[in-house]
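Q: Could you take me through this structure slowly, giving the general idea of each feature before the case at hand?

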Amino acid sequence: MTNRISALISAFGVVASMLLLALAVREYRSGATILWIGAGALIFVGASYTLVRDVRRLRSGRTA
């Protein structure tokens with residue numbers, strides 16, 4: 001059950017990071033630095049990696 005909750009939280013994290021990335025692109029277009037997009041992309045990649053790790057853990061049936 002804990003693995004399912006972790007995967008669900010990770011899925012919400014990916015959604016939130018996508019929104020943050022979209023906000024970063026909008027801010028960049030309005031004159032902000034490129035660092036906004038870099039930070040948004042880094043957060044998105046980290047959240048995606050966490051989701052993939054949690055889904056793999058669910059599929060394998062590991063309890064750790």
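A: Helices (H or I, at least four residues) and strands (E, at least two) are DSSP runs, numbered from the N terminus. The model is a predicted one, in which local features need pLDDT of at least 70 and side-chain atom pairs count only at pLDDT 80 or more, while totals for chains, interfaces and linings use all residues. Residues are numbered from 1 along each chain as its sequence is written, and side-chain values use heavy atoms, with hydrogens and water left out.

Q: Is Ala47 buried or exposed?

A: Buried means under 20% relative accessible area, exposed means over 50%, and partly exposed is in between, with a 1.4 Å probe and protein chains only. Ala47 has 14% relative accessibility and therefore counts as buried.

Q: Which residues does Ala47 touch, not counting residues up to four places away in sequence?

A: Contact means heavy atoms within 4.5 Å. With residues up to four places away in sequence not counted, Ala47 touches Gly13, Val14 and Ser17. Ala47 and Glu27, on the other hand, are 20 residues apart along the chain, and their C-alpha atoms are separated by 21 Å.

Q: How many helices and strands are there in the chain?

A: The chain has 2 helices and 0 strands. Helix H1 covers residues 2-29 and helix H2 covers residues 35-60.

Q: At what angle do the axes of H1 and H2 cross?

A: Axes are lines fitted to C-alpha atoms, for helices over the stretch in contact, and angles run from 0 to 180 degrees between N-to-C directions. Here the axes of H1 and H2 come within 8 Å and cross at roughly 165°. Angles under 35 degrees count as roughly parallel, over 145 as roughly antiparallel, 65 to 115 as roughly perpendicular and the rest as oblique, and H1 and H2 are therefore roughly antiparallel to each other.

Q: How do the residues of the contact of H1 with H2 divide into nonpolar, polar and charged?

A: Ala, Val, Leu, Ile, Met, Phe, Trp, Tyr, Cys and Pro count as nonpolar, Asp, Glu, Lys and Arg as charged, and the others, Gly among them, as polar. In the contact of H1 with H2, the residues divide into 17 nonpolar, 8 polar and 3 charged.

Q: What can be said of Ser10 in helix H1?

A: Ser10 lies in helix H1 and, with 9% relative accessibility, counts as buried. Not counting residues up to four places away in sequence, Ser10 touches Thr50, Leu51 and Asp54.

Q: Is Thr2 buried or exposed?

A: Thr2, also found in helix H1, has a relative accessible area of 63% and is therefore exposed. Thr2 and Leu58 are 56 residues apart along the chain, while their C-alpha atoms are separated by 9.8 Å.

Q: Which residues are partly exposed?

A: Among them are Gly38, at 41% relative accessibility, and Val55, with a relative accessible area of 35%. Both Gly38 and Val55 lie in helix H2. From C-alpha to C-alpha, Gly38 and Leu21 are 8.9 Å apart in space and 17 residues apart in sequence, whereas Val55 and Leu8 are 47 residues apart along the chain, with their C-alpha atoms separated by 9.4 Å.

Q: What is the radius of gyration of the chain?

A: The radius of gyration is taken over C-alpha atoms, and the globule rule is 2.2 Å times the number of residues to the power 0.38. The chain has 15 Å, whereas a compact globule of 64 residues would have a radius of gyration near 11 Å.
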